[in-house]
Structure formats: C-alpha cells, structure tokens
Amino acid sequence: MAPLKHTESKLTSFKRSWDDSNDENGEVEIVERPRPQPGAAGGGAPQKTSAEGAARRKRAIFAALSNASNASSSASATNGDERGPKKLKPIEAKRSVVLTDADLDNKEPTPAQTTRSGTGPPPEQPKVNNPSSTAAAPPPPQLIQRKLRLSNEQQRVLQMVVDEGKNVFFTGSAGTGKSVLLREIIVSLRKKFKKGPESVAVTASTGIAACNIGGTTLHSFTGCGLCTENVNALTQKVRRNAKALKRWTKVKVLIIDEVSMVDGELFDKLEGLARNIRKRPEPFGDIQIVVCGDFFQLPPVSKTTAPNFCFDAESWTRVIAHTINLRQVFRQRDETFINMLNEMRFGKLSENSIRIFKSLSRPLSFPDQIQPTELYPLRNQVDMSNNGRMNQLEGEVKTYIATDGGELPVDQRDKVLSNFMAPKQLHIKLGCQVMLIKNIDETLVNGSLGRVIAFVDAATYTRGGINNGGENEDVIDEEEATRRARTAALRRGEPQISGQPTKQQQMTKFPVVHFLLPNGGYREMLCVPDVWRTEGVNGKIEASRNQVPLILAWSMSIHKSQGQTLERVKVDLSSIFERGQCYVAISRATSLEGLQILGFRPDKVMAHKRVIDWHKTLENV
C-alpha cells in the first residue's frame, strides 16, 4: 500500500485555513484487512491474549523508534551538524486513523472516542502497573485514507496558475484557505519545474510570512537591499551581484505572499528591474507572477498618512491578468460570526453586530485551565504578559536551545531565523500554556493550544513506565498527569509523540502537553524537536532550525497571529492603532463562544476606503 499522505479521524471539527483539504470535497478510501477466520492457517489455534498483543506492540513500537532514531542520527552525521537531523515521518501521524475490529466487536474506544471530548478536563484513566493485562488482542486494523481535495474555487485558481501559466492574484477574507491553496500551488509548481529548482521563487513581504511558506523575503530575493534607488541604479546593482543576477535570469515563476504589506512603488521598481535584467519587454520580463494576500489586513508601512498599496502600482494591471476573490470560509462555521467579520472587514458594522461585539466583554473560564490567548499590537506587551504569567508558576524552568543550520553566512542566517516562529531558546515550566507551531495531523495543528503537564524522556514514554530508571524526582501531579497521557497512548497501541527523536534525544526530557482539540476534546502528546527551514531559489536550505515545536501562548502579537487559527482568543482593542489590526485579531477566532473582546468601540473598526473601492473590481470563480 502506498504511504498515507493524509488522514481522517472522524472528529467533528472546524474547517481551518491551514488544513490540507476540505472535508466536504474530500474522498475517503477504506482499505480493510481481513479478519483471521477460524480454521485458517493456524488450524483454529486459540486467539492470543491481550498481554501478548500489548507486549508485541510495545516491542514493535520501541524497535521502530530506535531504528528511526538510528537512521536520523546517521543522516545527521552524513549531512553535518549544521543541517540538523533528517526529518522522518512522524509516528503520531498514523495514530489517529487506526480502527480495530476490537473497536467494533468488543466496544473498545475508537481513536475518535479515545480522544476525549467535552468542556471539562479529561477523565482519570485506570492506573497501569502492568501493561500486560488480560483482554483480547486487537486484530489487524482497517485504515482510512483521505485524498487531498481543494474546493472548486481553489482548484480553479490552481489550474490557472499551474496548467495555464497565468499571472494571478488571489485574495479572500480571513479563513478562506489562502495559505492552503498557496502551499498546494508551491508544491505543484516545484513538481512542474523539478528539473530546474531555481525556476520557482517563493517570497513574502515579511520574514514571518516567508518562514511560514518555506521561502525567503522579497527583498532578499531581489538582491537590492531596501530598493531605495531608481530602476536604472537597481539594475546596475543586480548586475554586479552574481548570485542575484542568476536568480533573476533563471526564475520562471515569482510567488509573493502577504502582498498587502508590499508598497506599490516597490512593485513598480521590481517590474522595471525584471524587464531590464532579462532584456524582455513583457511585464516582469516574462516571469509568471503569483500574488496572494488580503489588502484589508495589515497595510504597507508608510511615511505618509495614506499607504501606497500594491494594486495602486502603475504596472499592477499590466502584470496581473486575473484577480480572484475566494469566498468559501473554513475557519468559522457560524454564519452570524462570518457576517460580523465581513462587516468588520469593510469597516462598517450594523447595530446588531455592534451589540454582539460589546456583549463579548464577558470573561471566559474553562475547567481545563487552558486560557484564551491574548493578542496585543506591540511586542513588549506580549513579552510582559508571558513573562508575568511564567513567573507566577512554581517549579524549575526547562530551557531548550535550538540547533541552527543553513548555507547563509551566520549573520544573515541569524537575521532570517529571527523571523521563525520557533525561538532560539524556549523557556517553559510545568503548567505553562503553550501553542503548537507545527502541523501534526488534522486535529493537532499549527495554532493548537495546550498546557504542559509533564516532562518525560522519549525512551521512558515509549516503554510506558515513569519510574523505570529509579527516578522519583517528579512531583506527584506531574507523575499522575504523565501516567494518564501514557496510559491513553498504550491503549491505542502507539505512543503520542510529535515526531522522531534522535538517539541522543531519547533520554532527554521533553514536555508532555495536554492539547485542546477543535471539537472540544483533548489529546496529550510528547513534543520532541522538529525542523523549520527556508529554501533559496536554487532549492538549497538557506536557514534551518531544530527546536521543540512550542511557544508560550498566554499572549501573542497581532502581527505574528496573522494566518493563525485560535480556538480561544482575548483581544483588548484599547491599544489598536492601525487599520486592519482589529480585523486581523478578531478573525483569528473560530467562534463567538471562544472570543473575548475588551474595550470594543466601533471607531476602532477601520478599513481604507481605497481598498473598499478596489475590492469591488475582483472576480469570483
């Protein structure tokens, strides 16, 4: 059987913008493995006990983990420490898609049922002193595989870009799957030009946005620095830069994400520069241009009161052949909330929407102690909030230092890495609130909120015993929480691990996190280091970071939240100072029930009139 690319857990969940598919249009293929029949090979031998089955599964899991770790260590040694360990397929990815015959015949919990649902904390699990207890061993599972399917409007944009080679700008309100579509476009274009990796340049207006799509900043790609010179001076500058000149001459498709923050004057300069360097009269020197973003979100930095939007550029209409407005919303499912966000996007709220927004000032309280993430416009506000909450917690601070690599010189690499969501140093404590910053599967994703309940090494976590090594240093609450997490994992036959730890990492204690799921359920998972990277136009890794995939999540900046989906959000609008900030912050929420708004005033909801007028010209597919 071909390896699974995507999974289906049968969980009821919100459609999320960073998901890889839309459930309405997804195809589910079920492959059943036959049950052992009486009298089949084995001649009606008695069925093995669950003690044997549990022991066999544990041995297989630990062996697979050891083999994967050895392979990762070998790859790391081959490629050099600077590149970090080779990323392997996560164990976690298969866990939530296995349904056994025992689930059907003996009423044992399915993966969807084992992932606890409800608004309160998860129930206690029975203590497992001896994992080899007595019940029937599960027969071979049936697997559910979901094939990637975009919505009809997304498929049309993909076809226009990849098959027809058109210059396209696609936009849409928050939660319409722009990021999902852009990632699929990038993958498809790289397959199309696989013999020339330098043919596809993946860029974004900001470092954070560039890291999210595995590309580089637009300024870095151009080789022009701040691009303050005129077109002729920029042309001479690029011609003196051999690497930049090669990029401009080899590229066939230029992708620009978060275009709302690209200045129109810069767009005009780059268009003229491309024609000069490539010595071709066509728009952008005959480079195919693919642009994505939402002009109702954060605007370009402007020295004047009126920003110069990219669509105001003189060359915009000559370059962009099609401007597409995506309309299907996946992040929110409540039509009332969707309509309120659409009104907010255009800066004009109805009396009913104002009344509802004002009513959201009520405090939010949840028994699981996972609090709403507070969004602030300024970074120092975020740091003060997170540090203050951390200092209130008792216990030892655990610090995880990232391993960085890449081909860029160290000073340039560090500048790129400063835009990664993964920090250079992660400081966390038992009980602190964190956010997952990697997609694990369809329910644990970039943006999932959770709480650290323990610190355990991968080897112990996989074996299923907390004090096998004779340690009794952990506090009782941590031990009990860890036991519950591992017990649930053993009942499913596999450990809950976010990735593949290297051999060296197996004995390092990593955080076990109790995550909130979109449907109100919970899952616990051991979070081991993962890799982030950015690629240059030649396909080589410019910068990479290996770090535990978590950040503190009591608070977050509005700028960094752009593109995130959060189940619980708290926004104080009293310090909002820019058009689009209010819309970006509030549209991170998936529902009104998980949203708290303080200091709401209708005059804080602002949109640029120029953007509103321009938006009326967009096409709908």
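Buried means under 20% relative accessible area, exposed means over 50%, and partly exposed lies in between (1.4 Å probe, protein chains only). By that cut-off Leu436, at 0% relative accessibility, counts as buried.

This is a predicted model: local features need pLDDT of at least 70, side-chain atom pairs count only at pLDDT 80 or more, and totals for chains, interfaces and linings use all residues. Residues are numbered from 1 along each chain as its sequence is written, and side-chain values use heavy atoms, with hydrogens and water left out.

**The chain as a whole**

- The chain has 21 helices and 23 strands. Helices (H or I, at least four residues) and strands (E, at least two) are DSSP runs, numbered from the N terminus.
- Of its 621 residues, 56% count as buried.
- Among contacts in the chain with a separation of 6 or more, 79% join residues 24 or more positions apart. Contact means heavy atoms within 4.5 Å.

**Leu436 and its surroundings**

- Leu436 sits in strand 14 (residues 433–436).
- Leu436 and Ile551 are 115 residues apart in sequence, yet their C-alpha atoms are 6.9 Å apart in space.
- Setting aside neighbours within four places in sequence, Leu436 is in contact with Leu444, Val445, Asn446, Gly447, Ser448, Phe515, Met525, Pro549 and Leu550.

**Helix 9**

- Leu234, Thr235 and Val238 are buried in helix 9 (residues 231–239).
- Viewed down the axis of helix 9, these buried residues fall within an arc of 105°, so they line one face of the helix. The arc is that of the directions from the helix axis to the C-beta atoms.
- An α-helix has 3.6 residues a turn, so residues three or four places apart point the same way.
- The cover over the buried residues of helix 9 includes helix 8 (218–222), helix 10 and helix 11.
- At the start of helix 9, a side-chain oxygen of Asn230 comes to within 3.2 Å of the backbone nitrogen of Asn232.

**Helix 10 against helix 11**

- Helix 10 (residues 242–250) and helix 11 (residues 264–278) pack at an angle of about 90°, and their axes are 10 Å apart. Axes are lines fitted to C-alpha atoms, for helices over the stretch in contact, and angles run from 0 to 180 degrees between N-to-C directions.
- Helix 10 is therefore roughly perpendicular to helix 11. Angles of 65 to 115 degrees count as roughly perpendicular, under 35 as roughly parallel, over 145 as roughly antiparallel and the rest as oblique.
- Helix 10 contributes Leu245, Trp248 and Thr249 to the contact, and helix 11 contributes Leu270, Leu273, Ala274, Ile277 and Arg278.
- The residues of this contact divide into 6 nonpolar, 1 polar and 1 charged. Ala, Val, Leu, Ile, Met, Phe, Trp, Tyr, Cys and Pro count as nonpolar, Asp, Glu, Lys and Arg as charged, and the others, Gly among them, as polar.

**Helix 14**

- Ser353, Ile354, Ile356 and Phe357 are the buried residues of helix 14 (residues 351–359).
- Seen down the axis of helix 14, its buried residues fall within an arc of 165°, so they line one face of the helix.
- Glu351 and Arg355 are exposed on the other side of helix 14.
- The buried residues of helix 14 pack against helix 13 (335–345), helix 20 (581–586) and strand 23 (595–598).

**Loop residues**

- Glu258 lies in the loop between strand 7 (253–257) and helix 11. Glu258 is buried, with a relative accessible area of 16%. Its phi is positive, about 50°, although it is not a glycine.
- Asp286 is in the loop between helix 11 and strand 8 (288–292). Asp286 counts as partly exposed, at 40% relative accessibility. Phi of Asp286 is near 70°, a positive value in a residue other than glycine.
- Asn308 belongs to the loop between strand 8 and helix 12 (316–319). Asn308 is partly exposed, with a relative accessible area of 28%.
- Asn308 and Met261 are 47 residues apart along the chain, and their C-alpha atoms are separated by 9.6 Å.
- Leaving out neighbours within four places in sequence, Asn308 is in contact with Val262, Asp263, Gly264, Glu265 and Pro300.
- Thr565 is found in the loop between helix 19 (558–561) and strand 22 (569–572). Thr565 counts as buried, at 0% relative accessibility.
- The side chain of Thr565 makes a polar contact with the side chain of Arg331 (2.7 Å). A polar contact is a pair of N or O atoms within 3.5 Å; within protein, one must be able to donate a hydrogen and the other to accept it, and residues adjacent in sequence count only if both atoms are side-chain atoms.
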